[in-house]
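Me: I would like to go through this model with you, one topic at a time. Please keep the answers plain and state the cut-offs as they come up.

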Amino acid sequence: MAAPSFTVTPLQNVKEQKFSPYVNNGGTTLAVAGPDFCVVAADTRLSDGGYGISSRTVPKVTKLTDKCVIATSGMQGDMITLHKTLKARLVMYEHQNGKPMSTTAIAQLLSNTLYYKRFFPYYTFNVIGGIDDDGVGVAYSYDAVGSFERVKYSSSGTGQQLVQPILDNQLGRKHHHVPTTAAPVNMTVEDSEALVRDVFNSAGERDIYTGDFVDIYTITKDGVKTSKAELKFD
Amino acid sequence: MSILEYNGGAVVAMVGKDCVGIASDLRFGIQAQTISGTQPKIYKIHDKCLIGLAGLATDNQTVFEKIRFRTNIYRLKEEREIRPKTLSNVLSMMLYEKRFGPYFVEPVIMGLDGPDEKPFISAMDLIGAPLLAEDFVLAGSSASEALYGVCESLYRPNLEADELFEVLGQCILSAVDRDAISGWGGVVHIMTKEGITSRYLKGRQD
C-alpha cells in the first residue's frame with residue numbers, strides 16, 4: 001500500500017499567538033556604595049508591559065539582613081519569587097550556622113540561584129547593596145542568569161541606560177579634571193541620597209516606565225534606614 | 001541591527017544664555033570595526049548655523065551636500081544667509097520628500113536665529129518630523145538613551161558660554177562611554193554673537 005503523502009501550505013495572512021512566559025514590568029534600580037555605607041534605591045511603578053500603569057506603589061526593594069538589601073527590576077512575578085526564595089535560604093542559613101549571612105555570601109547565593117535556572121531564567125535584573133563584614137560599603141550588579149561583579153555603583157532596569165552614564169560621571173569622576181596628587185574624594189551619605197533623588201528625577205523624565213515614587217534604603221553599621229521620594233506621576 | 005546603528009555616532013545640541021552649543025563624537029566605524037577616530041559629525045552652514053548629522057554615514061554626506069547646494073542657492077537668490085529656523089523647515093521638507101525611501105539620517109540643527117540672534121536648536125527624525133526644544137536636543141540611535149540621561153541631569157537653563165562648554169563636554173563624553181559604537185573623543189562648538197569656539201575633547205579611545 002502506498003504511503004499517504006501530504007503537502008502542507010502555510011496559511012496566508014494568519015497571525016499566530018505565541019504564549020510568552022515573560023513580561024517586563026519596567027522600573028529602574030540602583031545601588032551606590034560609600035566607604036562605610038550603601039544607598040540602594042528603586043522606583044515603585046508597576047507597568048503592565050505596555051503603556052498602562054498597574055500600580056504606583058509596588059516596592060522593588062527587599063531588606064534581606066540588617067546589612068544587605070536587594071533591589072530588582074524586570075518581571076514582577078519572578079522578582080517576588082526570587083526574593084521569597086532568597087529570604088527562605090537566609091533563614092535556613094541562620095538556623096544552620098547560628099549567624100546571619102554576610103553580604104558577600106548573599107551575593108554569591110544570588111548568583112547561584114539565578115544560574116540554577118540558566119535554561120528558563122528569572123527575568124530579573126538585580127542589584128545588591130550593603131556593608132561587608134569589615135563595615136565597608138559594597139554593591140553588586142547582576143545579569144539575568146547570575147553573572148555578577150562587585151562595583152562601586154550600579155543601576156539596572158528600563159532606566160539603566162539613562163542612569164548609568166550619570167553615575168559614571170558623578171561617582172566614577174570620569175572626565176573630570178582631577179590632579180593625580182589629589183586624594184580620592186568619597187561621598188557622604190547625604191550627598192549620595194541627594195544624587196540618587198536627582199538621578200531618579202532625570203530618569204523619570206525620559207523613561208516612561210520610571211516614576212511615581214522612589215524607595216531609598218540607606219545601609220550603615222547602625223542598620224537600614226528607609227525614605228520615600230516623590231517623582232512625577234506622568 | 002538597525003540601519004541607523006550601522007555607523008554609530010552621537011550628536012547633542014544645547015541652549016545657553018545668548019549662546020548655543022553643539023557636540024558630537026569622533027568615531028567613524030562600520031559595525032564593530034573602527035575606521036577613524038577623527039571624523040566629527042558637525043558641519044558649518046554659515047557663521048550663525050551649524051548642523052550635526054548622526055545616522056548612516058553615507059547618507060549624512062549626501063544630505064549635507066544637498067543642504068550645502070540649497071543654502072548656496074538661497075544665498076545667491078536672497079543675498080543673505082539662511083536662518084536656522086528656515087533651514088530646519090527646508091531640511092524637514094527635503095527628508096519628507098523621501099518618505100517611502102528615506103535618507104537614514106538624524107539631523108540636529110543649531111544656530112542664532114534672526115536679527116535678535118536668538119538661540120535656536122532643533123532635531124528631526126529620518127523622515128523630517130521636527131522637534132523644537134528650548135533646552136537640548138540629541139541624535140544617535142545607539143547613544144540616545146545615555147545622552148538623555150546625562151543631559152537631563154546636567155542641563156540647567158541660562159548657562160554661560162564656558163559653562164555650556166563644560167556641560168556639553170561632560171554629557172557627550174559620559175554618554176558615549178556607555179555606547180560601544182560611539183566615542184573616540186569628541187568635539188564641542190560654542191556659538192555666541194562674537195563667533196564660534198571649537199574645542200576637541202580627549203576621550204576614551206575605545
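Me: How far apart are the mean positions of the positive and negative charges of chain A?
Reply: They are 4 Å apart, for 23 positive and 24 negative charges. Lys and Arg count as positive and Asp and Glu as negative, with His and the chain ends not counted. The place of a charge is NZ of Lys, CZ of Arg, CG of Asp or CD of Glu.

Me: What should I know about the model itself?
Reply: It is a predicted model, in which local features need pLDDT of at least 70 and side-chain atom pairs count only at pLDDT 80 or more, while totals for chains, interfaces and linings use all residues. Residues are numbered from 1 along each chain as its sequence is written, chains are lettered from A and ligands numbered from 1 in the order in which they are written, and side-chain values use heavy atoms, with hydrogens and water left out.

Me: Changing topic: which residues have the most contacts inside the largest nonpolar core?
Reply: They are Val196(A), Val12(B), Met14(B), Leu168(B) and Ile172(B), in a core of 46 residues. Such a core is a set of buried Ala, Val, Leu, Ile, Met, Phe, Trp, Tyr and Cys residues joined through side-chain atoms within 4.5 Å.

Me: Which element gives the largest share of this core?
Reply: Helix α4 (residues 161-176) of chain B does, with 9 residues.

Me: What does Met14(B) touch?
Reply: Leaving out residues up to four places away in sequence, its contacts include Val20(B), Ile121(B), Phe136(B), Tyr155(B) and Leu168(B). A contact means heavy atoms within 4.5 Å. There is also a second, separate core of 20 residues, and Leu53(B) and Ile109(B) are among them.

Me: Is Asn60(B) buried or exposed?
Reply: Asn60(B) counts as buried, at 7% relative accessibility. Asn60(B) lies in helix α1 (residues 57-78) of chain B and touches Leu53(B), Ala54(B), Gly55(B) and Val105(B), not counting residues up to four places away in sequence.

Me: Where is Thr38(B)?
Reply: Thr38(B) is in the loop between β4 (33-36) and β5 (42-46) of chain B. Thr38(B) is exposed, with a relative accessible area of 62%.

Me: How many aromatic pairs are there over all chains?
Reply: There are 8. Rings of Phe, Tyr and Trp (its six-membered ring) pair if their centres lie within 6.5 Å; planes under 30 degrees apart count as stacked, over 60 as edge-to-face and the rest as tilted.

Me: What is the geometry of the Tyr123(A) and Phe125(A) pair?
Reply: The pair is edge-to-face, at 5.4 Å centre to centre and 80° between the planes. Tyr123(A) is partly exposed, with a relative accessible area of 24%, and Phe125(A) is partly exposed, with 26%.

Key
Buried means under 20% relative accessible area, exposed over 50%, partly exposed in between (1.4 Å probe, protein chains only). Helices (H or I, at least four residues) and strands (E, at least two) are DSSP runs, numbered from the N terminus.
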